[in-house]
Amino acid sequence: MEDAMTAGAHTASKAERDLTLVLPAYNEERDLERGCLLALDALRALASERPGMRWLLVVASNGSTDATPRIAERLERRYPGEVRALVIERAGRGGALKRAWKTFPAHVLAYSDVDLSCDIAQLGALVDPVLEGRTDIAFGSRLAPGARTQRRAGREAISRIYNALLQRYLHVGFRDAQCGFKAVSARVARKVVPAVADDGWFFDTELLVRAERSGLRLHELPARWREDPRSSVRILRTALADLAGMRRLRSEL
């Protein structure tokens with residue numbers, strides 16, 4: 001198990017790893033092992049096409065009260081050198097990503113929701129533009145031309161309204177802020193991520209807005225995305241928090 005005490009030791013190995021992929025996990029005992037195994041398959045396939053590529057899969061349990069931390073630690077023991085478990089007491093996807101990306105630095109830092117709603121087979125298309133220096137941030141977009149999504153009409157409408165508000169209120173140039181499939185360069189991790197105040201779901205939006213305002217390059221990947229009907233995301237509470245985040249961010253910027 002990793003914690004803040006070990007962060008310094010891993011920071012020294014920054015140049016030794018090409019890619020760190022994080023699976024943030026909050027009470028995901030049902031899906032964690034399956035998600036981890038599929039992500040491992042994707043990483044191994046990616047590395048087989050890129051000889052010499054060095055990578056790591058990090059399972060970041062955050063605030064979990066079920067068996068998620070124990071499963072993460074078991075996966076680390078089962079796949080030494082490939083999987084690391086990071087157990088964080090406080091819940092929040094943004095906080096988990098900040099800690100994981102700082103603890104396990106790499107040239108490219110990525111994450112995927114553990115339910116793999118966004119097709120993990122798109123991992124190469126996500127990270128290659130960042131690895132090759134063609135963009136600073138790449139992210140899945142369910143609203144970009146060419147995207148293929150399967151989700152309930154209500155969630156589709158909420159997503160479109162939220163992103164329309166974001167474009168109108170903060171004048172952003174991207175279409176979908178909240179898709180759980182993103183990759184950033186080490187430069188972004190150093191310069192932008194520390195400025196992101198939100199540790200929850202709004203982390204994604206704030207990251208993209210701050211990066212765009214900083215003049216960094218953003219690449220929107222048309223996502224293949226299927227809704228997980230068992231998702232633990234509370235839509236109304238999350239939407240209200242996101243609206244508050246938009247107001248804060250507008251006043252700050």
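The model is predicted, with local features requiring pLDDT of at least 70 and side-chain atom pairs counted only at pLDDT 80 or more, whereas totals for chains, interfaces and linings use all residues. Residues are numbered from 1 along each chain as its sequence is written, and side-chain values use heavy atoms, with hydrogens and water left out.

The largest nonpolar core contains 40 residues, and those with the most contacts inside it are L19, L57, L123 and V127. Here a nonpolar core is a set of buried Ala, Val, Leu, Ile, Met, Phe, Trp, Tyr and Cys residues joined through side-chain atoms within 4.5 Å; buried denotes under 20% relative accessible area, exposed over 50%, and partly exposed the range in between (1.4 Å probe, protein chains only). Elements that each supply at least two residues of this core include β1 (19–25), α2 (32–48), β2 (55–62) and α5 (123–131), helices (H or I, at least four residues) and strands (E, at least two) being DSSP runs numbered from the N terminus. The largest share, eight residues, comes from α2. A second, separate core of 36 residues includes Y111, L208, V209 and A211. When neighbours within four places in sequence are left aside, V127 is in contact (heavy atoms within 4.5 Å) with L19, L46, V108, A110 and A183.

Strand β5 (residues 137–141) is mostly covered, five of its five residues being buried. In a regular strand the side chains alternate between the two faces of the sheet. From β5, I137, F139 and S141 point one way, while A138 and G140 point the other way. Strands are taken to pair if DSSP finds at least two bridges between them: β5 runs antiparallel to β7, joined by three bridges, with F139 having K182 as its bridge partner, and β5 pairs in the parallel sense with β8 (residues 218–222) over five bridges, where G140 stands opposite L221.

Two non-glycine residues have a positive phi, L116 at about 55° and H171 at about 60°.

On the surface, I161, L165, L240 and L243 form a nonpolar patch with about 350 Å² of accessible area together, to which α6 (153–170) and α9 (235–252) each supply at least two residues. Such patches comprise residues with over 30% relative accessible area and no salt bridge, nonpolar side chains (Val, Leu, Ile, Met, Phe, Trp, Tyr) being joined within 5 Å and like charges within 9 Å; a salt bridge is a side-chain nitrogen of Lys or Arg within 4 Å of a carboxyl oxygen of Asp or Glu, and accessible areas come from the Shrake-Rupley method with a 1.4 Å probe, only the protein chains shown counting as cover for residues. L240, located in helix α9, counts as exposed because its relative accessibility is 52%.
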